[in-house]
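Subject: Structure handover

Hello,

Here is the structure for your files. My notes on it follow below.

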Amino acid sequence: MSWPLFQVDAFTAEPFAGNPAAVCLLEPGEHADPGWMQRVAAEMNLSETAFLVPGDEPGAYGLRWFTPTVEVELCGHATLASAHMLWTEGRVPAGQPIRFDTASGALAAGPGAGGTIWLDFPATPASPVDPPAGLIEALGAGTPRWVGRARFDYLVEVEDETAVRDLTPDTRRMGGLGSRGAIVTAAAAAGAAGYDFVSRYFAPAAGIDEDPVTGSAHCTMGPFWAPRLGREELTGFQASARGGLVQVRPRGDRVRLGGQAITVVRGELA
């Protein structure tokens with residue numbers, strides 16, 4: 001037996017940028033062993049591998065996400081990659097909304113202007129906390145402006161964009177902090193073109209030292225930056241080596257995330 005398998009670069013319109021995700025399409029009604037899915041994700045060795053199972057209704061799919069080491073409850077870029085694959089490969093008619101049933105409830109994807117895909121995700125706002133012992137030292141972030149804790153991650157605001165870009169964290173010291181990872185962010189530098197805030201994301205506890213572009217982290221940063229910048233629609237730039245742009249529209253307890261994607265590999269898992 002074999003399964004269609006794709007590699008999609010998400011939150012980018014150019015190949016070999018953004019965040020790569022593997023997308024594996026299972027058979028209708030198939031209940032794959034989670035241990036097998038985890039081994040596939042380890043073999044792919046990308047920050048996320050998504051597994052899709054067609055549902056009973058048109059445009060409905062079950063969706064699970066695995067890093068090389070663990071299953072996660074929410075992932076933006078692999079959801080974006082999944083929607084892109086379903087439309088471009090003709091699995092769902094172009095323009096038809098897609099519903100994903102996931103560990104974080106019902107998520108939705110719909111097409112937007114200029115090739116943008118819009119995701120409807122839960123907001124995960126952060127509340128201020130005292131940083132846990134070792135977090136700031138491990139990040140090498142100096143004296144933070146603000147530290148909070150969200151559903152999955154710590155959120156650390158630092159002085160400026162340069163401080164975010166210059167981070168050289170000791171990720172080996174971050175595995176025991178009791179969170180999925182840590183988001184480090186700052187407002188965009190004066191004169192920055194095309195984005196309002198900048199970030200990087202580190203999740204060694206999930207097997208990802210630094211994630212290239214993290215959609216779910218923007219479910220936390222959207223509610224954080226919108227009131228501070230006085231904007232209802234923002235764009236975040238994740239300043240990893242690959243880099244990527246995420247459009248963000250906080251709406252109460254939901255956040256809309258917008259981005260583009262491009263398929264770079266088509267094949268099958270034997």
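Which residue just after α5 takes a positive phi? Gly230 does, at about 65 degrees.

Some ground rules. This is a predicted model, so local features need pLDDT of at least 70 and side-chain atom pairs count only at pLDDT 80 or more, while totals for chains, interfaces and linings use all residues. Residues are numbered from 1 along each chain as its sequence is written, and side-chain values use heavy atoms, with hydrogens and water left out.

Helix α5 covers residues 218–229. Helices are DSSP runs of H or I, at least four residues; strands are runs of E, at least two; both are numbered from the N terminus. Among the buried residues of α5 are His218, Met221, Phe224 and Trp225. Buried means under 20% relative accessible area, with a 1.4 Å probe and protein chains only.

Nonpolar cores
The largest one has 53 residues. A core is a set of buried Ala, Val, Leu, Ile, Met, Phe, Trp, Tyr and Cys residues joined through side-chain atoms within 4.5 Å. Leu52, Trp65, Ile98 and Phe100 touch the most other members. Helix α2 (residues 76–88) gives the most to this core, seven residues. Another core, of 21 residues, lies apart from it and includes Ala138 and Met174.

Beyond its neighbours within four places in sequence, Ile98 is in contact (heavy atoms within 4.5 Å) with residues including Tyr61, Leu86, Trp87 and Leu107.

Pocket and cavities
Both come from a 1 Å grid over the protein atoms alone. In a cavity a 1.4 Å probe fits but cannot get out; a pocket is an open set with protein on both sides within 12 Å along at least five of seven lines; lining residues have an atom within 4 Å of a point. Points are joined across faces, edges and corners, and a volume is the space filled by probe spheres set on them.

- The largest pocket has a volume of about 150 Å³. Strand β4 (60–66) gives the largest share of its lining, three residues. Glu30, His31, Phe51 and Arg64 are among the lining residues.
- There are two cavities of 30 Å³ or more. Of its 16 lining residues, Glu48, Arg180, Tyr201, Asp211 and Thr214 are the closest to its centre.
- The second largest cavity has a volume of about 30 Å³. Met174, Arg180 and Pro204 are among the residues that line it.

Best regards

Conventions
Buried < 20%, exposed > 50% of the residue type's maximum accessible area, 1.4 Å probe, protein only.
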